[in-house]
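Please look at the model shown here and follow two of its regions in turn. We begin with a sheet and then turn to a single residue.

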Amino acid sequence: MRRQLWCSALVALTLTLAWGNPAFAAKAVDEAKCFSCHGQVKEMKMGSNHADLSCDTCHSGMDAHLKNPKTKPVTSLELSTCGSCHEDQFKSYYKVNYEAQARKEKGLPTGRSPMQGKLLAPHGFTKEHNEPRSHPFMVVDQLAVDRFAGGRYQFKDMFGIVRPGKTWDVLVDTGKTLPHTAKAGNPVCLQCKTSDLVLTWKFMGDKDERAKWDRTSDVNELIKDVHNPVGCIQCHDPHGTQPRIIRDALIDAVERDGARPYDADKGKDKVKVVTFRDFRKIGVLNKMDSNLMCGQCHVEYNCNPGFEPESGEKVTMADRRANHFPLKNALDLLAHYDKLKFRDFKHAVTGARLIKLQHPEMETYWGSVHDKAGVQCHNCHMPKEKNASGGTFTTHEMVRPKDHVKQACMGCHPDATAEEKLYQIQAVQNYTRGMMRESETYLGELIDTFAAAQKAGVAEPVLAEARKQHEIAHVLWEWWTAENSDGWHNPGLAKESLNESITASQKGIALLKDAMKK
C-alpha cells in the first residue's frame with residue numbers, strides 16, 4: 001500500500017466519460033504480477049471504477065520494481081495526477097476563496113477572540129492565530145505564520161498570498177528568525193496540512209527504520225519534503241475510489257471509541273480499518289461520510305508536547321500523546337484530558353494547567369439539528385456546480401455557506417428565501433459571539449482577581465481551587481474561538497458550554513474575593 005495511486009473525485013468516476021483519457025488505454029503493466037504481492041490492493045481495485053486504470057498511471061519505475069521488489073517505484077504525489085481525469089474538481093480545489101481573508105488575526109479587537117493575548121499567555125498562539133482560508137494555502141499559511149518557526153519562512157512576494165502553488169515556489173527560507181515570534185511547529189501538526197508524507201510516515205508517527213520521518217524529527221528538515229496541501233487521497237482511495245480516512249490519530253481514536261462515540265452503537269461498521277505491512281493503516285468507509293472525512297483535520301486534537309497535570313512530568317514528542325484525537329464534545333473534553341494525564345501549558349498569571357484547543361468542527365456538529373437530519377459537511381460546504389459544458393459536479397472549493405446561501409441551503413429549504421436563511425445564520429452567530437465576549441470578560445476578571453489575591457497573600461488551597469475553575473472556564477470558552485462556525489454548527493452546545501464557562505469564572509472570582517475580604 002506504500003505505492004499509492006492517486007484520485008481526486010468526491011463522486012465515483014464515470015468510466016463512460018473517460019474512455020478518451022490515456023489512463024484508460026491498454027495496460028502497460030501486467031497487473032497480475034502486482035496483485036501477486038498486493039492482495040489488499042487487488043481486493044479494493046477489482047470491480048471498482050478504477051479497475052481499468054493501469055498501475056503505471058500513478059507509479060513510475062515499474063519495470064525495475066517488478067525485476068527487484070526492493071527497488072521501490074516512484075509514486076506520484078501530485079494532485080494534478082487525479083486532475084487529469086477529474087478536471088472540474090481539481091480546478092475548483094485550487095480556486096481562491098476571496099471571502100476568506102488571509103492572515104486575519106483572531107486576537108484583533110474586532111476578531112473572534114480579542115482578549116486571547118491575555119487568556120492564552122504565554123502560549124505560542126498569542127504570536128499569530130489566524131482564521132482559516134482556502135485549502136490550497138493550508139501548507140504555506142502554516143509555515144509562514146509567526147508561531148511556526150520564528151518567522152523564518154516568508155512569502156517570496158505578495159503574489160504568493162493569492163496564487164496557490166507548490167510550497168517552495170511560494171515561500172522562501174530566510175534562515176533568520178524574528179523577534180516576537182514562536183517556534184511551535186512540529187512534524188505532527190503537518191499531518192493535517194499535507195498528504196505528501198503518507199508513504200514516509202509510520203502509523204501514529206512512531207519510529208521505524210522504514211519511516212523517513214517520525215514525531216521527533218526535525219520539522220525544518222521534514223518540511224523540505226512538503227510541496228502540496230492535503231490531496232485527493234486523504235479522502236478517496238486511489239485504488240478502488242472508496243471514501244476513506246488516512247489520518248492516523250483519527251483511525252486510532254475510531255478503534256478506541258468508535259466512529260460516533262455519542263451514538264448508541266458508537267458508529268459500528270462505519271469504518272473498516274485496513275493495516276498494511278505493520279506500517280500504516282487506512283479506514284475504508286462503508287459509505288460516503290464527509291463528516292468523518294473532514295474530521296481528519298477539523299477536530300480537536302493534540303499535536304505537541306506538554307506535561308502531566310499532577311506530576312508535572314514532561315510529555316515529549318516521543319510520547320503518543322503528542323498525536324492524539326480525544327473525540328469528545330466541549331462538555332466532556334477536560335475530563336478526557338484529565339484521564340489522559342495531559343495539559344499543553346500553564347497560564348502565565350494563574351498557573352492554571354490549560355489545554356490549547358484546535359478546530360473541533362466535527363465534534364461540535366455531533367447531535368445538532370442538521371446532524372440528526374443526516375446533513376453532512378459536503379452538503380453545505382461543497383455544493384453542486386455547473387461546468388463550462390453544463391455538466392454538474394461537486395465543487396471542492398470548500399465554500400462558507402453564509403456567503404453561498406442559495407447553493408448551500410436552498411436545496412433542503414425550498415420554501416424559504418436566501419435572505420431568510422442568512423438572517424437565521426446571522427442571528428445564531430451574533431448571539432454566540434456575544435456569549436463568547438461575555439465568557440472572555442469573566443475569564444479576564446478571574447485572571448486579574450487571581451493576581452490581586454495572590455498579592456494579598458490568599459492561602460494556596462483557595463488559589464488552587466480558583467485555578468481549577470480557570471481550567472474549566474478556559475476549555476468551555478476556547479472551544480468556540482477555535483471552532484470556526486461561531487455557534488452555527490451546534491447552537492445548543494454553544495449556549496450551554498459558554499454559560500458553564502461564565503459560571504466557572506464567576507465561581508473562581510467569588511472564591512478569591514471572599515478570601516481577600518477575610
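In this predicted model, 3 strands form an open sheet in the order β5-β7-β6, with antiparallel pairing, where helices (H or I, at least four residues) and strands (E, at least two) are DSSP runs numbered from the N terminus, and two strands pair if DSSP finds at least two bridges between them. The edge strands, each pairing on one side only, are β5 (244-245) and β6. Helix α10 (residues 248-257) packs on this sheet and touches β5, β6 and β7, contact meaning heavy atoms within 4.5 Å.

Strand β6 (residues 271-276) pairs with strand β7 (residues 280-285) over 6 bridges in the antiparallel sense, and one of the residues involved, K272, has V284 in β7 as its bridge partner. The two strands form a hairpin with 3 residues between them, and in the turn R277 has a positive phi of about 50°.

Residues are numbered from 1 along each chain as its sequence is written. Because the model is predicted, local features need pLDDT of at least 70, side-chain atom pairs count only at pLDDT 80 or more, and totals for chains, interfaces and linings use all residues, while side-chain values use heavy atoms, with hydrogens and water left out.

Methods
Axes fitted to C-alpha atoms, helices over the stretch in contact; angles between N-to-C directions.
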